[in-house]
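Thanks for coming, everyone. Please look at the sequence and the structure on the screen while I talk. I will go from the whole chain down to single residues.

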Amino acid sequence: MNREIQFFSYDSCYKHYTKRIINIRQAKIHGETIVAKPVFMVAIIDAIDSNVFTNNQFAINDWLEGHYKMLMSQYAKDSQFDDRTNIEKPFWHLETDGFWHLNYQGERLSKGHTPSKAWLKDSVEFAYFDESLWILLQNKVWRTKLRDYIIEHKLTDDFWSGKIAAEGLGIIAAMLIAA
């Protein structure tokens, strides 16, 4: 579906959410950034594109989990870890970034630890995006543009090489100033 909604600024919405996405919190282990959240977002966008999800309510299902695992094997660096990050971690922790929300059926847990997939299925009725992000994702052109942005800015080697180089230059500059 590629419908346009009048009086909605796709460009402004896209700019807002790309700023939010570039700043998503990602864990680091042994100096390497975990890519689970951006991979999960790409999997969700692909699920919308494939009509797996047709309304702004997302749950862990076989299609989403299988696609997420395939994307993790594609984008996670081989050097990172023996075991890939399971889907429950980004499903749960993406809520801390402010545009992904969980609709609980029962008791909430603190964000200090990740619940099991079984707990999520029992205790979270569904997750959902901000309404404006959902509207943006209904348009195939903007959905593809956002997907490409996530891949380019969060998942490609060029991004990581540039980030590592920039961090390295910052450290060198700090040492020169201190000297």
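**How helix α2 packs**

The crossing of α2 and α3 is right-handed. Handedness here has a rule: a crossing is left-handed if the near helix is turned anticlockwise from the far one by less than a right angle, and right-handed if clockwise.

Before more detail, some ground rules. This is a predicted model, where local features need pLDDT of at least 70, side-chain atom pairs count only at pLDDT 80 or more, and totals for chains, interfaces and linings use all residues. Residues are numbered from 1 along each chain as its sequence is written, and side-chain values use heavy atoms, with hydrogens and water left out.

How far can we trust it? pLDDT is the predictor's confidence in each residue, from 0 to 100. The chain has a mean pLDDT of 85, and 78% of its residues reach 70 or more. Which element has the lowest mean pLDDT, and which the highest? Helix α8, residues 157-178, has the lowest, at 47. Helix α2 has the highest, at 98. Over residues 159-179, pLDDT stays under 50. For that stretch the model has 10 contacts beyond four places in sequence. Contact means heavy atoms within 4.5 Å. Where pLDDT is low, the predicted coordinates should not be read in detail.

Now the layout. The protein chain has 8 helices and 4 strands. These are DSSP runs, numbered from the N terminus: helices are H or I with at least four residues, strands are E with at least two. From the N terminus, the order is α-β-β-α-α-α-β-α-β-α-α-α. The chain has 179 residues, and 41% of them count as buried. Buried means under 20% relative accessible area, exposed over 50%, and partly exposed in between, with a 1.4 Å probe and protein chains only. Take contacts between residues at least 6 apart in sequence: 67% join residues at least 24 apart.

Back to our first pair. α2 covers residues 36-49, and α3 covers residues 62-75. They pack at an angle of about 130 degrees, with their axes 9 Å apart. That makes α2 oblique to α3. Axes are lines fitted to C-alpha atoms, for helices over the stretch in contact, and angles run from 0 to 180 degrees between N-to-C directions. Angles under 35 degrees count as roughly parallel, over 145 as roughly antiparallel, 65 to 115 as roughly perpendicular, and the rest as oblique.

Who meets whom? On the α2 side, the residues include V39, F40 and I44. On the α3 side, they include W63, L64 and Y68. By class, this contact has 13 nonpolar, 1 polar and 1 charged residues. Ala, Val, Leu, Ile, Met, Phe, Trp, Tyr, Cys and Pro count as nonpolar, Asp, Glu, Lys and Arg as charged, and the others, Gly among them, as polar.

Next partner: helix α7, residues 140-155. α2 and α7 pack at an angle of about 160 degrees, with axes 10 Å apart. That makes α2 roughly antiparallel to α7. Their crossing is left-handed. Among the residues in contact are P38, V42 and D46 of α2, and R143, R147 and K154 of α7. The classes come to 10 nonpolar, no polar and 6 charged.

Zoom in on P38, which sits in helix α2. Is P38 buried or exposed? P38 is buried, because its relative accessible area is 0%. Leaving out residues up to four places away in sequence, P38 touches I24, Q26, I150, K154 and L155. P38 and R147 are 109 residues apart in sequence, yet 9.4 Å apart in space, C-alpha to C-alpha.

α7 also packs with helix α1, residues 10-22. Their axes come within 11 Å and cross at roughly 25 degrees. That makes α1 roughly parallel to α7. This crossing is right-handed. The contact divides into 8 nonpolar, 2 polar and 3 charged residues.

N51 is exposed, because its relative accessible area is 55%. Its phi is near 60 degrees, a positive value in a residue other than glycine. F53 is buried, because its relative accessible area is 8%. Leaving out residues up to four places away in sequence, F53 touches I44, A47, I48, F58, A59, N61, L64 and W134.
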